[in-house]
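Here is a friendly walk through a two-part report, chain by chain and then across the contact. Keep the viewer open while you read.

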Amino acid sequence: MRFLYLVFSLILCCQVSCSETSKEIKIGFVEGLSGPFANIGEVALRHLELEVEAVNRRGSLPDGMRITVLPFDNKTNPQEALLAFRSALDVGVDYVFQGNSSSVATALTDAIAKHNRRNPSHPVLFINYAALDPALTNEHCKRSHFRFDADVDMKMAALTEYIAVREDIESVYLINQDYSYGQAVAGAARSMLKRKRPDLSIVGDDLHPIGRVKDFSPYIAKIKSSGAQAIVTGNWGSDLTLLIKSARQMGVDVDFFTFNVGMTGGVSTIGEAGIERVHQITNWHANINELTRNNAALYRNQHPDVFEDAYYGSVRRAVRMLEKAMIESGGADPVSVGSALRNMSLTDDTGLVSMRGDNHQLLQPLFVSKLVRVSPENGLIGVENSGLGFKTVAEIPAEKTRMPTTCQFE
Amino acid sequence: MEFFLITLLNSLSYGLLLFMLSSGLTLIFSMMGVLNFAHASFYMLGAYFAYQTGLVFGFWPALFLAPILVGIVGAITERYGLRKVHKFGHVAELLFTFGLAYVIEEIVHLIWGRAPVDYRIPESLNFTLFTLFNTQYPAYRAFMMLVSVGMLAALFLVLTKTRIGMIVQASLTHPDMVQALGHNVPRVFMLVFAGGCALAGLAGVLGGNLFITEPGMAFAVGSIVFVVVVLGGMGSLVGAFIASLLIGAIQTFSVALDLSFLDLVAVFGVNIDPGSTWYGGLSITISQMAPVLPYLLMVLMLIVRPRGLMGTRES
């Protein structure tokens with residue numbers, strides 16, 4: 001009997017030490033993978049898996065470490081996200097990726113900071129690739145949170161710079177989702193437009209429940225009767241495609257200034273009607289330069305059958321910077337990787353990007369682009385097999401996007 | 001004026017869709033006393049079946065096939081599910097349909113995945129029917145209204161003018177007598193349940209592509225359907241019709257009202273400082289409250305008139 005115990009404990013010992021030597025880095029993708037925003041979550045997951053595979057193929061990580069991506073469904077709901085984070089912890093994730101919905105991100109950033117305080121031996125880093133509420137890098141900032149997309153204020157500053165020079169637009173209508181992010185978009189649009197274009201009138205400012213409105217036609221009727229020339233919206237996922245769908249069906253003739261229209265479904269919903277009228281402010285689109293076109297083609301080749309095209313520049317930047325930080329710190333320990341990430345710079349396909357040390361916000365060039373017809377002649381590539389794609393109309397250098405911050409890490 | 005007319009049309013089309021959904025529920029309830037919690041799931045099944053059959057046969061055959069398929073699923077549910085638990089009373093039936101809603105949702109997850117499916121409005125209906133002032137009115141919405149009204153008329157005729165309708169109405173009030181006269185009442189129940197589900201399925205076929213076809217769609221409409229039935233009066237088709245149109249109107253028109261309590265108190269010369277603690281709560285506009293209003297109305301109705309607008313029974 002004693003002998004058996006000995007054998008068992010030896011086997012256990014070996015297993016522990018064996019797993020120590022070829023460590024697997026676990027990224028928990030805690031995202032809405034069911035419900036109205038499931039398709040957006042799946043798109044981001046495919047982006048993440050593509051980049052992680054590239055890192056593993058390069059074999060660049062120290063000690064032959066490899067990264068695995070484990071998806072957890074947070075149902076785009078803060079409470080569910082905390083449960084999903086629990087189950088992610090149970091399988092031992094070191095990094096949490098999330099981006100869809102700032103209310104989920106706020107819940108997660110709190111939970112992760114609390115977890116790190118209580119479990120200093122197994123800390124977790126939060127990689128936010130798309131949750132844009134400015135509070136996350138200001139009054140609500142946490143040392144364990146890093147944001148790789150530009151926040152609402154940075155994007156709205158860039159977008160309003162462009163609207164300011166478009167003197168043909170005299171009235172805009174704001175329609176946004178009724179939660180921290182949508183309210184931030186509406187607030188930023190109001191204050192920045194007032195300053196940059198005092199003559200422009202904001203003829204409407206609507207907040208609607210997130211993910212619940214299935215029929216936007218009452219809102220469109222309201223926009224129509226307000227006589228607005230342009231709609232400014234931060235909506236994403238089905239809230240954006242359904243809005244555009246209604247607008248198109250009712251033949252509303254306005255310019256769209258959006259944060260996310262390049263996301264899956266947006267362009268194919270508006271179709272030809274959106275040419276020269278639909279704009280977006282993003283950190284990436286396919287037609288910025290040769291490198292971005294290559295990256296777009298890479299995504300398409302990897303996923304020939306999926307509906308969407310490459311969209312998230314922030315996911316690639318996050319994975320590439322994590323890779324660099326792991327190489328620099330010589331391991332996957334989230335604390336040392338976190339300190340390597342601070343003030344780190346990296347040259348990506350759109351130019352130099354750098355992580356601010358004072359609030360963990362990535363500075364990167366931003367692009368205002370508009371929907372145009374694409375063809376082999378003009379050298380542009382399209383999205384969603386629609387024959388339409390984006391073309392840059394204004395570029396904002398990374399350093400210009402820097403905003404003052406109130407962040408003070410604990 | 002333009003806004004009013006367009007919104008009126010929108011509210012009509014939404015209200016009629018709601019009616020298509022709730023008529024089946026109220027029919028089943030009045031007939032069998034079963035509050036079918038899975039009713040909205042049959043609406044979802046209708047949309048998914050239409051998507052799937054539409055891929056093979058196109059939209060028009062799917063418009064007929066999908067509700068029939070949903071009806072068959074409903075008939076099977078009644079024959080092998082509800083009828084078995086019937087002897088354990090209403091609570092068992094209620095729990096059965098409640099569980100069924102979850103089972104259907106999970107099955108939809110398994111077959112079609114968690115993301116929305118690309119179920120589109122057919123090209124033959126994807127055009128502008130007419131232009132009112134300068135707002136275009138999509139043909140598909142008009143088509144939806146046409147189908148709903150046609151369905152309402154057909155339902156009314158079947159229930160009041162045909163032999164089947166007479167047996168159904170008789171079984172509603174005097175099941176034992178109908179049974180004694182030699183009619184197969186359990187089969188009548190099965191037919192009614194299947195018919196109610198098929199109506200929900202038809203609503204799904206029409207609503208699925210106008211809005212969005214995803215596994216959450218049953219949950220999204222589930223609660224509003226109950227509001228319609230409670231408001232209209234349990235088991236009353238006419239009540240459900242009025243309540244559907246009413247809720248359609250409330251939801252679409254309230255979006256337009258940017259009034260808040262701040263404006264109300266401002267009428268009396270009270271101005272509240274934006275810094276005050278009350279400001280946040282009072283500045284909520286009616287348009288922001290739009291999604292809550294039907295539920296508020298239901299609560300009010302339950303307080304003032306528990307049997308609903310046209311309901312006949314008190315409980």
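How many helices and strands does chain A have? Chain A has twelve helices and 15 strands, where helices (H or I, at least four residues) and strands (E, at least two) are DSSP runs, numbered from the N terminus.

## Ground rules

This is a predicted model, in which local features need pLDDT of at least 70 and side-chain atom pairs count only at pLDDT 80 or more, while totals for chains, interfaces and linings use all residues. Residues are numbered from 1 along each chain as its sequence is written, and chains are lettered from A and ligands numbered from 1 in the order in which they are written.

## Chain A overall

Confidence comes first here. The pLDDT (the predictor's confidence in each residue, from 0 to 100) averages 92 in chain A, with 95% of the residues scoring at least 70. Two residues are in contact if their C-beta atoms, placed from the backbone, lie within 7 Å.

The radius of gyration of chain A is 22 Å, which agrees with the value near 22 Å for a compact globule of 410 residues. That radius is taken over C-alpha atoms, and the globule rule is 2.2 Å times the number of residues to the power 0.38. Along the principal axes, the C-alpha trace of chain A spans about 85 × 45 × 40 Å. Of the 410 residues in chain A, 54% are buried; a residue is buried if 20 or more other C-beta atoms lie within 10 Å of its own, exposed if 12 or fewer, and partly exposed in between, with C-beta atoms placed from the backbone. Among contacts in chain A between residues at least 6 apart in sequence, 70% join residues at least 24 apart.

## The five-stranded sheet of chain A

In chain A, five strands form an open sheet with parallel pairing, in the order β2-β1-β3-β4-β5. Two strands pair if DSSP finds at least two bridges between them. At the edges are β2 (66–73) and β5 (145–147) of chain A, each pairing on one side only. From one strand to the next, the twist averages 25 degrees; angles run from 0 to 180 degrees between N-to-C directions, and axes are lines fitted to C-alpha atoms, for helices over the stretch in contact.

Now for the pairings. Strand β1 (residues 24–31) of chain A runs parallel to β2(A), joined by eight bridges, and Ile25(A) has Ile67(A) as its bridge partner in β2(A). Three bridges join β1(A) to β3(A), also in the parallel sense; here Gly28(A) is partnered by Val96(A). Next, β3(A) pairs with strand β4 (residues 125–128) of chain A over four bridges, and Tyr95(A) has Leu125(A) as its partner in β4(A).

Which residues of strand β3 (residues 95–98) of chain A point one way, and which the other way? Tyr95(A) and Phe97(A) point one way, Val96(A) and Gln98(A) the other way, and all are buried.

Another open sheet of chain A has three strands in the order β11-β12-β13, with antiparallel pairing. Its edges are β11 (345–348) and β13 (362–363) of chain A, each with a single partner strand, so one side of each is left without a neighbour in the sheet. Four bridges join β11(A) to β12 (residues 351–355) of chain A, and Asp348(A) has Gly351(A) as its bridge partner in β12(A). Helix α11 (residues 313–329) of chain A lies across β11, β12 and β13 of chain A, at about 130 degrees to β11(A).

Two loop residues are worth a look for their backbone angles. Asn343(A), in the loop between α12 (334–341) and β11 of chain A, has a positive phi near 60 degrees although it is a residue other than glycine. With 11 other C-beta atoms within 10 Å, Asn343(A) is exposed. Glu276(A) has a phi near 65 degrees and sits in the loop between α9 (266–270) and β10 (278–282) of chain A. Glu276(A) counts as exposed because it has 12 C-beta neighbours inside 10 Å.

Chain B has 14 helices and two strands. The C-alpha trace of chain B spans about 70 × 50 × 40 Å along its principal axes, and 46% of the 315 residues count as buried.

The contact takes 25 residues from chain B and 26 residues from chain A. On the side of chain B that touches chain A, α1 (2–32), β2 (135–138) and α13 (286–289) of chain B each supply at least two residues, and the largest share, six residues, comes from α1(B). By class, that side of chain B has 13 nonpolar, nine polar and three charged residues. Here Ala, Val, Leu, Ile, Met, Phe, Trp, Tyr, Cys and Pro count as nonpolar, Asp, Glu, Lys and Arg as charged, and the others, Gly among them, as polar.
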